[in-house]
Amino acid sequence: MEITILTVGPIQTNCYIAAMDGKNECVVIDPGEEADKIAGYIERKGLICRGILLTHGHFDHITGVVPLAARTGAKVYAYEGERDLMMDPEMNGSAMVGYEMALEPEILLRDGQALEIAGMKFKVIYTPGHTVGGCCYYEEEQKVLFSGDTIFMESVGRTDLPTGNGRLLLESVRERVLTLPEDVQIYPGHGPETTVGYEKRNNPFACD
């Protein structure tokens, strides 16, 4: 799998473009802003975007979705429990930073669902805590996890925003992420990539 990281927007959100080696199809994970930059990269590489996968609905992960979808024709995927937050500018944080946006995903996903797209097979892992409907996308064969703001290198997502829950976040991290094989590469919503094994040994939130 070839993974390109484009850091976008004022909060330095990691937008990922993932494609299987030698294939011309891709998915985009969390196009937070700068849709023209993301679409331009896809077009220069001769890729076809088959889907936009969202880990959660905060503004810094979804602001680029509508223009990117319009330019690529890709459908938008998100966890079923996150729709209300995405549709509410107060809850998704866009109103807080000076504009209002609402996003309705076209395809709602369920926990444990297998999503086959662009030659990749993602398992949807429901990881509430940062938001009520946050999720991760796990490609088991490639040993890759796109974690959004559930877990970062040596840290975890904040829980003081609408629908956040600290207890649920720790459960998600400990029971749903760090139980994956240690060599799984984690690509978070902000900051550098890491691995499950590294976080089990170094993340202060990994255990009680």
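**Aromatic pairs, cysteines and a buried histidine**

Y16 and Y187 are both buried. Here, buried means under 20% relative accessible area, exposed means over 50%, and partly exposed lies in between, with a 1.4 Å probe and protein chains only. The model is predicted, so local features need pLDDT of at least 70, side-chain atom pairs count only at pLDDT 80 or more, and totals for chains, interfaces and linings use all residues. Residues are numbered from 1 along each chain as its sequence is written, and side-chain values use heavy atoms, with hydrogens and water left out.

Aromatic rings were examined next. Rings of Phe, Tyr and Trp (its six-membered ring) pair if their centres lie within 6.5 Å; planes under 30 degrees apart count as stacked, over 60 as edge-to-face and the rest as tilted. The count comes to six aromatic pairs. One of them joins Y16 to F146. This pair is tilted, at 5.3 Å centre to centre and 50 degrees between the planes. Y16 lies in strand 2 (residues 13-19) and F146 in strand 10 (residues 144-148), so the pair links distant parts of the chain, 130 residues apart. Helices (H or I, at least four residues) and strands (E, at least two) are DSSP runs, numbered from the N terminus. Both Y16 and F146 are buried.

Y16 also pairs with Y187. That pair is edge-to-face, with 5.5 Å centre to centre and 75 degrees between the planes. Y187 sits in strand 13 (residues 185-188), 171 residues from Y16. Ring pairs link Y16, F122, Y137, F146 and Y187 into a cluster.

The cysteines gave a different kind of result. A disulfide is a pair of cysteine sulfur atoms within 2.5 Å. The count of disulfides is zero. For C15, the closest cysteine sulfur is that of C49, and at 9.2 Å it is too far for a bond. C15 counts as buried because its relative accessibility is 0%. C136 is in no disulfide either; the nearest cysteine sulfur, in C135, is 6.8 Å away. C136 counts as buried, at 1% relative accessibility.

H190 lies in the loop between strand 13 and strand 14 (194-195). H190 is buried because its relative accessible area is 17%. Its side chain makes a polar contact with the side chain of D60, at 3.2 Å. A polar contact is a pair of N or O atoms within 3.5 Å; within protein, one must be able to donate a hydrogen and the other to accept it, and residues adjacent in sequence count only if both atoms are side-chain atoms. Leaving aside neighbours within four places in sequence, H190 is in contact (heavy atoms within 4.5 Å) with I11, Q12, T13, N14, D60, H61, D149 and F152.
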